[in-house]
Amino acid sequence: FTATAALADITIGVTLPTTGPGAALGIPLKNSVELWPNEIAGEKLNVILLDDAGDPSIATTNARRFVNDDKVDVIMGSALTPASIAVSGVANESGVTQFSVSPVPPSASGSKWTFVIPHDASFIARKLFEKMKADGVKTVGYIGFADSYGDLWVNQFKAIGKEYGLEVVAEERYARPDTSVSGQVLKLVAARPDAMFVGASGTGAALPQLALRERGYTGRIYQTHGAATIDFLRIAGASADNTIFTSAPTIVAELLPDSSPVKAESIDYVKAYEAKYGDGTRTPFGAHAHDVMAILNKAVPIAMKNAKPGTTEFRTALRDAIEADGPFPASGGVFQYAADNHLGVDASDLVLLTVKDGKFALAD
C-alpha cells in the first residue's frame, strides 16, 4: 500500500488518521485494509492509503487528490467524524461512493454518495438510554469531545433523552489532545448526577473515566461504542469495571450466540486480524474496513455488469448496487441500504457490554 497510484482496474482511496489523536482508531483500520484481497470479482484492486491526522482540511485535500489525480472508484474514510464530514462533501460533489467509517450527522448520512458503516448515533443512544432507564437513571452528567463527535451525543439527549426520562444536569467538553480533565470532572461530580455519560472515542475516552474514579465518583459510567477497545481497558484499568458500553459485536465475537447472523463473519475477521497482529488486538473500528470489503465483494460484480471500473457510469452503478442489492452480511451487522437510507445497520446489531476482571463481557 503506497501513496502512488499504479494502473489498476478498481481503485480505492483510503484516508485515515494514522498519526495524531485519532491514531487509535485509524491504525486498526489501516491494519485491516492490509488484509483486503488483491482483487475483487477477478479485477485487480489498487489501494491508495493517505494519513489525514484526523484533520478535516487534510482529509479534504486527500479526497480531492483521490478524485482528481487518482480517479478512484471508491473512497473510504475517515475515522474521525469531523474529517469524515469533510470527505463526504468532496464525495458528493464528485459523484464517488464514500464509505464513512465514523458516525456522521444527517447532513452527511443523508447525502447521495455517502454510506455509513458504524451504527448511527441515534441507535447507539437509544440502546444506552434504554439501559439507563432500566438502571433507574434520571439525571446525567455529560463529558465529551469538543467537536462534532461530542456534539452528536449532546444532540441525542436533546432529541430523545426525554423519551427515557433523562435530564442532562451538567455538560463539559475537552479537546482530543488534552491530558487533564480535572476541572471538568470537579464540576460534574458537584452536580451529583445519577450517572455519567462519556461522548468520546479511542484511548481519549479513558481520560474522564480515570479522572472520575480518581475524584471518588462511584456511580455508573456509560460509554459509547467509540470506547469499546482493548486499548481502552488497558489504559483505564480498574476504573473501567462495571462501566456500560454499546458496541458492534466484533469485540466479543466469541461470546455471541450461535444464532447471531454476524457471528461467523465476526470470528473470521478476528481470526485473520489477530493472526497477523497478535492476540487481543481486535477493535470494532478495524472491523469497519472488513465490512466495506464485504459490501464491495457483492456490489462490484453487479456494477460491472453495467460499466467498467474507472468510469462515471461504473461509479453510479456501484452506488445503485449498494442501495438496491443487499443485504450484505458482515462482522458489524447485516447491512441493508436503500436510496433513502444510507445508514445500513440498525440497533438490532448492537450489543451491550460491561467490564469484568479487566475484560469485556456481555452486559445483563
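Reply: The expected span of a helix is 1.5 Å times one less than its number of residues. The model discussed here is predicted. Helix H5, which covers residues 121–134, has 14 residues. From its first C-alpha to its last, H5 reaches 20 Å, close to the 20 Å expected at 1.5 Å a residue.

The next matter is burial, for which the cut-off is under 20% relative accessible area. In H5, the buried residues are Ala121, Ser122, Ile124, Ala125, Leu128, Phe129, Lys131 and Met132. An α-helix has 3.6 residues a turn, so residues three or four places apart point the same way. Several elements take part in covering the buried residues of H5. Among them are strand S7 (139–145), helix H6 (148–160), strand S9 (195–199), strand S10 (220–223) and strand S14 (351–356), together with S11.

Two of the buried residues of H5, Phe129 and Met132, also have a place in the largest nonpolar core, which holds 56 residues. Along with Trp153, Phe197, Phe232 and Phe360, they touch the most other members of that core. In soluble globular proteins, nonpolar side chains tend to be buried together. Apart from neighbours within four places in sequence, Phe129 is in contact with Gln156, Phe157, Ile160, Gly161, Tyr164, Leu166 and Phe197.

Finally, the chain beyond the helix deserves a remark.

Terms used:
Residues are numbered from 1 along each chain as its sequence is written. This is a predicted model: local features need pLDDT of at least 70, side-chain atom pairs count only at pLDDT 80 or more; totals for chains, interfaces and linings use all residues. Side-chain values use heavy atoms; hydrogens and water are left out. A nonpolar core is a set of buried Ala, Val, Leu, Ile, Met, Phe, Trp, Tyr and Cys residues joined through side-chain atoms within 4.5 Å. Buried means under 20% relative accessible area, exposed over 50%, partly exposed in between (1.4 Å probe, protein chains only). Contact means heavy atoms within 4.5 Å. Helices (H or I, at least four residues) and strands (E, at least two) are DSSP runs, numbered from the N terminus.
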